[in-house]
Amino acid sequence: MTRPIWQCRWAHRLLLLTVVGLSGCGTLGVEPWQREKLADPRMAPESDATDKRVDDHVYFSKEASSGGRGSAGGGCGCN
Amino acid sequence: MQLSHRPSLPDTSTPGPPVPKNTGFTNISAALAVASSALIAAPINAQEAPPSQHQWQFDTALLAYGESGDRVKALEGSIQGVRSDGDDQRLSLMLTFDALTGASATGAVPQRRAQTFTRPSGLGEYTTAAGQTPLDDTFRDTRVQINAGWAAPFGDNSGFEVGAHLSKEYDYLSLGVSGALSHSLDRNNTTLRLGLAGYADSIEPEGQIPLPLAVMPLRSDYPDEEAFIQAFNATRGAAKEHKDTAELQLGITQVINRRTLMLLNYSYAEVSGYQSDPFKLVSRIDAQGRAIAQNYESRPERRRKQALFWQTKMHFGAPVLESAYRFMHDDWGIDSHTLELRLNLMLPSGHTLEPQLRLYHQSAADFYRPYLQQETPTYASADYRLAEMTTYTLGFRYRIPLTGARSASARIAYYVQNPEGPGGPGELAGLNLYPRLEALMLQLGYRF
């Protein structure tokens, strides 16, 4: 039976954690001149995209889950 | 094309969608401040300098994957070229090639005596020794994948990306298209993203598609080859089957403070069509645990998957910590939790060392059955990938910056799978129905 994700216990916890986490940060965001550390290429969300793509292909073929970071669909006959 | 997104940062060297142009400078002092911050950031960026205008940057990788015992071995090579223009337009092309060989678990239960199975093609047999997990040793394939993507900004703070995907192996073809829109808000501190993707896959195995839960015929049960072929053909359905996937992605990336960045993605995928594995079996056993028949598996033709993905990146100076958590839920009854940690340590030499840890747990699919007894359900699969399972990966990567934007890296990772499930009656009680799987991954990368 399909259960929407917003009815899942874990989704509630994750949302609560996100809200608490964000609210604890006070004012979000920075001014353009405060991006020194954020400009480090290691801070890009998709840094090391090649490594992650290779990993995702392995896990896609060995486990029942896929997606999240990027697309979950398509792929190959390995799963 | 794998879709990914990032917030609007002033500079990155990794491939991805465009950064919307920041036209929000209201005064000269702000512009000077940005310029000065770029100068301050220069030493950090020297390790992975961005490509200059109208230039290609290439990212190559070679992966060797090997499982313990006689299980799967794979070699995968990929090259990705990204052409970035001065006006933030980005063309991405990627070619991947992989070759797989070895044996994969069929799903049939082990026995205290040797077992004989008909090959999936119907041509010939293979035998599994007493006490061993039945493995199909005909697992062999090569695959070519091509991805192309185009991303460009539009308006003041928006961007779009489109992509196409093709993956072809001997008996499988996957075609896909994707598109996404992104929009930045609040001084580029918040980026919203909407993505859509569609895939059309088709499978055409040798020996055609087996009928759901049909009993595998054995040559020894028939007086001659003709009678066996007739019985084998009676278990066959279509020569080719299809599977379609439609996916929606919603994402938000938020700059929290000077050193922290968060990303939250929600994705919904609806998969319809043939989703069984034509090479997998479910054993039917008697009360003593003896296999009396082998059935081809049967999975539902519809699957709806939802995933929440949360990633946080924190900059501590030399170390950068990336933590990610994914919760996936589907209507096959599978819930999974994935936790990933990557700690990137920049050494005084500019080299980076990155320990990586991944923990994963999934619950079993509703129709997962390690074996059948009296019952004949509509759906049944003994594929251990649908069983309750815990896995972990421990890896290390070392990257050496070279001149300009070039760098070389090496990575080693150790992956362990521990499937779980109920025990079996009779002789199955003393046999390992859920063998542990270990794999080693070695990866070399070169960026230029």
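- Chain A has 79 residues, of which 51% are buried. Its secondary structure holds two helices and zero strands.
- Chain B has 448 residues, and 42% of them count as buried. Here the secondary structure comes to two helices and 22 strands.
- Taking contacts in chain B between residues at least 6 apart in sequence, 64% join residues at least 24 apart.

- The average pLDDT of chain B is 88, and 88% of the residues score at least 70.
- Residues 1-49 of chain B have a pLDDT below 50, though this stretch has 126 contacts in the model beyond near neighbours in sequence.
- Where pLDDT is low, the predicted coordinates should not be read in detail.

- Strand 8 (residues 141-154) of chain B runs antiparallel to strand 9 (residues 158-169) of chain B, and twelve bridges join them.
- Within this pairing, Pro153(B) stands opposite Gly159(B) of strand 9.
- The hairpin of strands 8 and 9 of chain B has three residues between the strands, and in it Gly155(B) takes a positive phi near 65 degrees.
- On to the next pairing: strand 9 of chain B and strand 10 (residues 172-185) of chain B are also antiparallel, over twelve bridges.

**Helix 2 of chain A against chain B**

- Helix 2 of chain A covers residues 49-62, and its 14 residues should span 20 Å at 1.5 Å a residue.
- The buried residues in helix 2 of chain A are Ala49(A), Thr50(A), Asp51(A), Arg53(A), Val54(A), Asp55(A), His57(A) and Lys62(A).
- What do these buried residues pack against? Their partners in chain B are strand 1 (55-67), strand 2 (73-84), strand 21 (407-420) and strand 22 (437-447).

**Two loop residues of chain B**

- Ala214(B) sits in the loop between strand 11 (190-203) and helix 2 (225-233) of chain B. It counts as partly exposed because it has 16 C-beta neighbours inside 10 Å.
- Leaving aside residues up to four places away in sequence, Ala214(B) touches Thr235(B), Asn295(B) and Tyr296(B).
- Ala214(B) and Lys313(B) are 99 residues apart in sequence, and their C-alpha atoms are 50 Å apart in space.
- Phe367(B) lies in the loop between strand 19 (352-362) and strand 20 (388-401) of chain B. With 18 C-beta neighbours inside 10 Å, Phe367(B) is therefore partly exposed.
- Again not counting residues up to four places away in sequence, Phe367(B) touches Arg299(B), Pro377(B), Tyr379(B), Ala380(B) and Ser381(B).
- One of these contacts, Tyr379(B), is twelve residues from Phe367(B) in sequence, with 5.8 Å between the C-alpha atoms.

Definitions and conventions. Residues numbered from 1 in each chain as written. Chains lettered and ligands numbered in written order. Predicted model: local features only at pLDDT ≥ 70, side-chain atom pairs only at ≥ 80, totals over all residues. Helix = DSSP H or I, 4+ residues; strand = E, 2+ residues; numbered from the N terminus. Expected span 1.5 Å × (residues − 1). Buried ≥ 20, exposed ≤ 12 C-beta atoms within 10 Å, placed from the backbone. Contact = placed C-beta atoms within 7 Å. Pairing = 2+ DSSP bridges. pLDDT = per-residue confidence, 0-100.
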